[in-house]
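Please read the following note with the sequence and the structure open beside it. The points are numbered so that each can be checked in turn.

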Amino acid sequence: MVPLGLPVLLATGCNSNQAITNPATRPARDINTLWWAMFAGAMVVFAVVVALLVIAFVRRGRPGEPSHDDRGPYKVIIGGGLAAPIVVLAILFGFVIHVMPATSSPPGPTKLTVDVIGHQWFWEVRYPGTPAVTADEIHIPSGTAVDVRATTVDVIHSFWVPRLNRKIDMIPGQANRIELDAPDPGVYRGQCSEFCGVGHAQMAFYVIVQPPARFRAWLRVQSRPAATPTTTAGLLGRRTFLTVGCEDCHAIRGTSAAGRVGPDLTHLGSRRTLAALTIPNTPRMLYDWISNPQAIKPGARMPGFASLPAAQRHALVAYLEGLR
Amino acid sequence: MTATATRRNARPNGWYGMVILVATEASLFGTLMASYVYLRFQTAVWPPHGVAAPSATAPTVLALVLVASALPMAYAAHAADRGRRRAALAGIACALVIQAVYLGFQIHLYADDLSRLSPSRDAYASIYFTLLAVHHIHVGVGILLDLWLLARLSRRLTPYRRTAVSAVAFYWYFVAIVGLFVTATITSPTW
Amino acid sequence: MAVGTAARERVERLDRIWQERPGFTGWLTTTDHKRIGILYLVTSLAFFAAGGVEALVMRTQLAQADERVVGPGTYDQLMTMHGVTMIFFFVIPLSIGFFGNYLVPLMIGARDMAFPRMNALSYWLYLGSGILLYSGLALGHAPDAGWFNYVPLASRKFSPGTGVDFYALGLILNSVSSTAAAANFLVTIGRLRAPGMSLNRMPLFCFAILATSFSLVFALPALTTDLVFLELSRKFGLHFFDVGRGGNPLLWQDLFWIFGHPEVYIIVLPAFGIATSIIPTFTRRRMAAFPLVALAELLVAFIGFGVWVHHMFATGLPEIAMIFFAAASLIIVIPSGIQIFAWCMTMVTGKPEYRTPLLFIVGFILFFVFGGLSGIMLAAIPFDQQVTDTYFVVAHFHYVIWGAAVFPLLGGLFYWFPKVTGRMYDERLGQTTFWLVFIGTNVTFFPMHISGMLGMPRRVWTYPGHLGWGPENFISTLGAFFLTGGLVLMAVNLVVSRFRGPLAGPNPFGGATLEWATSSPPPSYNFAVIPKVSSPYATWDEDDRETDPQRLERGDFVLEGGHLTPGTTPVDGHMDEILAMPEESPWPITLAFVATLGTAFILANHLIMAAAMAALAAAVLVAWHSGEPEAA
């Protein structure tokens, strides 16, 4: 009952965008297969032990005194506790060695390198060889071997997109790498998987896999400096941005804002979410975020700007949403 | 059955207790020295630039002196086992003098090192000063144990105190041997 | 059987000699292993309640997506305190502090532990360290970096408050308590066994405690070193873990897990021991393959030191290193498997009577196998690299720590309840409790395998609703409250039975080990006459037990001349000397108080006062050793 429920319940969650049982690449599929094989083996072993306990229960009322002859038990104990495990575990070990190269080896020859840098509590994303810098969304071309270099500027984080590959920790001083090679375009969800402080639960990201031409177009746009605002609100917004302190933490390429504490906002308008997938990127949400980040993401390093007049905050929103 | 001074086959419980304490301390030093090696093999330049490699002469001589102090301690334990109070006292006192002089020199060297290098400079300094300090603290505790033994033995030599002497002697054998390992570790950049 | 006059006089003399101070002060100065055991029992159950409340608040917060019962600051303190409390202040003190302390001397036919005053010290240090840690919580400075406290998050830069210092210093103090306890068990088991109890005649519970104690002795120093490095970094700016200064954050992880993995075997081994005590009693059969089971218990402890890197498979280590540790992690399955089949075959070839204690052991076997199977999966490196740090791991370790380590403790509380209190618990309520707790445990922890496989990471105070984690979390929360209900029922049963249960007599279940050969509760000197031993099932050896009253009358191994117990040789158990046990003493509690105060001074950066406390501690130790127990 309990162990049988597992596959049923898993099947219902199989469409989940962060499920290990919903693989979208070869390494993730290999691990998923390994999982189901181990699950089957585990159920067999569990059934054997349950059977022994049931036998004990059923035989409990038999007449006569219990036998203290250990010869029969020794055979079962050595067979079931020593011989069978050696065989089964050796097979499992072989299976593990077989799957490991696809998942554990450092990336082989790859066509593209992406730098993902962990921060408390967002993901800085850079494309070496281009000026492009973004946050919390990693675009990659489909059907291409991509080398993700996973590093951190502060504490240990962990880069994990279950549908694409295993997780890899981001450790100070270490240049860990993981290969992503996704055949199918789509949006895949990842999340930080090493406790990194109060914002840990709200530190997720998307890997957006695009057909290569679309990806190249996207990268070209991201490499450009920020758009110049054309509306009054936008201009007021830019002026506000550069005078009330935003530039101390955030960078917008093409302006004097070059802060590295918070995410790069050069193309904020093109992103789907804010605050590392915590809220959708809409004008209303952005306004609320600027006014009081703590209400949305407690512990976030950004101060609230509720003391700024509403008009100025709306202007900021207009400006930032215009940065596509 | 009675009698306090029965011939025993097993060692007294207090001695076994000390052996186990020594096992934990050996484990402690093991992890400290393993940490030294771990940090050492992380860094291309060890000691880092600007830090002189420790001289091997003084530490090695001192380590051997500490080992030598184990001999009067062994003599004291042997004498105590045979009920010879004054001989045990003499052995402990002799060991204590050597150990105190040893510790004095070590503290002097440590202070000298501190004047030239701050423990908070980098990982090398941190592990260097920490490993040495832990060892010196063990020597200091041993000296306090010696003083306590001298005080107790100045009156009588009871079976309890006889066990204490053999337990403290065992402690010193451990501290002396660990001292060799610690010295080897600390002076390893110089080899 | 009529008791002769000589026998009666001997017993009266023993009563007088071994009597301790009455009342509250008696508890503060006791060196009686049974009373110290009861102190551990009460204190560990109090911490269990605290850890349980912490869990229930977390589960309430997680019951639904986007919930706001508590915020991340509070949640992170709760999850840290829950882990630290349950591991260091509940399960280990209950296993070795209560069960170990109370039972080992009785099972080996001794009158006390080898170092009774140090035994008391272990308890008071444990209490002091728990008070220290919880005072951090009370002051709003609970540690919040998780129970394994990784750096750099736990460094001064990223955790500037004092929470992490409470964690580090509280655990250093606690480790002194556990180390002292381990040393005490090793010498007790090595030298205080009754004459004739060679090692192969020692009960399996004592083998389990022996294995646990060896592990503690060699594992704890790794944690101590780690915590000392951490505090030196935080307080004096030293650099062990800072990459910029030649350090490495992985050094923290390696040292931590070199301790941490043996720690989980330390947690579960006493439970194995309890299982091996309960099964023979309720199946009326000796444990099958006794030597294999004893060897397996020791092997688990030993191999447990060689697997720690499996906690670090996602850190980017070289494959060859990971493969070695994966292999070791698979090898350790074998001694566990041997024990599982031995327990099962004892039940199959015996005649099991499914009373409450045995029900908990059956539950234990199921949970241990299930949790062990998920553990085997975690040894498969690529799979681990997907599920590590998800709720799959949370499910795994709760199945083994809660299901496998705590179920025997619960069963053991029922089993030895009549021995400790002299009264019997209510059997029907006991069985109901078992079912409530068994079902509750599965309902709470099984769904976590699923949420983990669906991608839910650990240590998250909230989660969004669109990933399918809601139903599993809601079910877990229901299970947690259901499980708590079962535990409350158990508490009511035991508390009421303590005062109103029917009198139990010396051996209501027909147990085989020596604690059942004396009265319930045992007299302060445990046995009026040191029992004659020919096998690990001494109470079932009727010929030997029949000689006890005759030997009491003759004065053969009554040792009523003082506070005495026999000392025997470590392997063969041959009579070697008469050991004089110390009487009650104020020094253990005094030393623990001074040590706790000194640790608090370090925490508050009053280093001169801390040094003064160290000097005072030395003085207390001198006073302590001025009391030299003398054999008459």
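The points below concern the chain contacts, one interface, selected salt bridges and aromatic pairs.

1. The model under review is a predicted one. Two pairs of chains are in contact, and the pair that shares the most contacts is that of chains A and C. Chains A and B, in contrast, do not touch, for their nearest C-alpha atoms lie 11 Å apart.

2. How many residues of chain C are in contact with chain A? On the side of chain C there are 89 such residues, and they meet 93 residues of chain A. The area buried between the two chains is about 7,500 Å². Carbon and sulfur atoms give 73% of that area.

3. The rule finds two salt bridges across the interface of chain C and chain A. One salt bridge with a partner in each of these chains joins Glu65(A) to Arg284(C), with 3.2 Å between the closest N and O atoms.

4. Several helices of chain C each supply at least two residues of the side that touches chain A, among them α4 (72–107), α8 (249–283), α12 (356–379) and α15 (427–453). Which helix provides the largest share of this side? The helix is α11(C), with 12 residues. By residue class, the side of chain C that touches chain A divides into 59 nonpolar, 19 polar and 11 charged residues.

5. Helix α11 of chain C, which spans residues 333–349, also contains Thr346(C). Is Thr346(C) buried or exposed? Thr346(C) counts as buried because its relative accessibility is 0%, and the cut-off for this class is under 20%. When neighbours within four places in sequence are left aside, Thr346(C) is in contact with Ile279(C), Thr283(C), Arg285(C), Arg286(C), Met287(C) and Ala288(C).

6. Over all chains, the structure holds 30 salt bridges. One of them is formed by Asp264(A) and Arg253(A), whose closest N and O atoms are 3.8 Å apart. Both residues lie in the loop between α6 (246–249) and β11 (273–274) of chain A, so the pair ties together parts that are 11 residues apart in sequence. Asp264(A) counts as buried because its relative accessibility is 9%. Arg253(A) is likewise buried, at 18%.

7. In chain C, the side chains of Arg21(C) and Glu584(C) meet in a salt bridge with an N to O distance of 3.8 Å. Arg21(C) is in the loop between α1 (5–18) and α2 (23–29), and Glu584(C) is in the loop between β2 (575–580) and α18 (587–603), so the pair ties together parts that are 563 residues apart in sequence. Arg21(C) is partly exposed, with a relative accessible area of 38%. Glu584(C) also counts as partly exposed, at 23% relative accessibility.

8. A further salt bridge of chain C joins Arg234(C) and Asp165(C), the closest N and O atoms being 2.9 Å apart. This pair links distant parts of the chain: Arg234(C) belongs to helix α7 (residues 204–236) and Asp165(C) to helix α6 (residues 163–191), 69 residues apart. Arg234(C) is buried, with a relative accessible area of 5%, and Asp165(C) is buried as well, with 6%. Elsewhere, salt bridges that share partners join Arg545(C), Asp548(C), Arg551(C), Arg554(C) and Asp556(C) into one network.

9. The structure holds 87 aromatic pairs over all chains. Tyr123(C) and Trp124(C) have ring centres 4.9 Å apart and ring planes at 70 degrees, so this pair is edge-to-face. Tyr123(C) is buried, with a relative accessible area of 4%, and Trp124(C) is buried with 10%.

10. The rings of Phe272(C) and Trp343(C) have their centres 5.5 Å apart; their planes stand at 55 degrees, so this pair is tilted. Phe272(C) lies in helix α8 of chain C and Trp343(C) in helix α11 of chain C, and the pair thus links distant parts of the chain, 71 residues apart. Phe272(C) counts as buried, at 1% relative accessibility. Trp343(C) is buried too, with a relative accessible area of 0%.

Note on methods
Residues are numbered from 1 along each chain as its sequence is written. Chains are lettered from A and ligands numbered from 1 in the order in which they are written. This is a predicted model: local features need pLDDT of at least 70, side-chain atom pairs count only at pLDDT 80 or more; totals for chains, interfaces and linings use all residues. Side-chain values use heavy atoms; hydrogens and water are left out. Contact means heavy atoms within 4.5 Å. Helices (H or I, at least four residues) and strands (E, at least two) are DSSP runs, numbered from the N terminus. Buried means under 20% relative accessible area, exposed over 50%, partly exposed in between (1.4 Å probe, protein chains only). Buried area is the accessible area (1.4 Å probe) that two parts lose on being put together, summed over both. A salt bridge is a side-chain nitrogen of Lys or Arg within 4 Å of a carboxyl oxygen of Asp or Glu. Ala, Val, Leu, Ile, Met, Phe, Trp, Tyr, Cys and Pro count as nonpolar, Asp, Glu, Lys and Arg as charged, and the others, Gly among them, as polar. Rings of Phe, Tyr and Trp (its six-membered ring) pair if their centres lie within 6.5 Å; planes under 30 degrees apart count as stacked, over 60 as edge-to-face and the rest as tilted.
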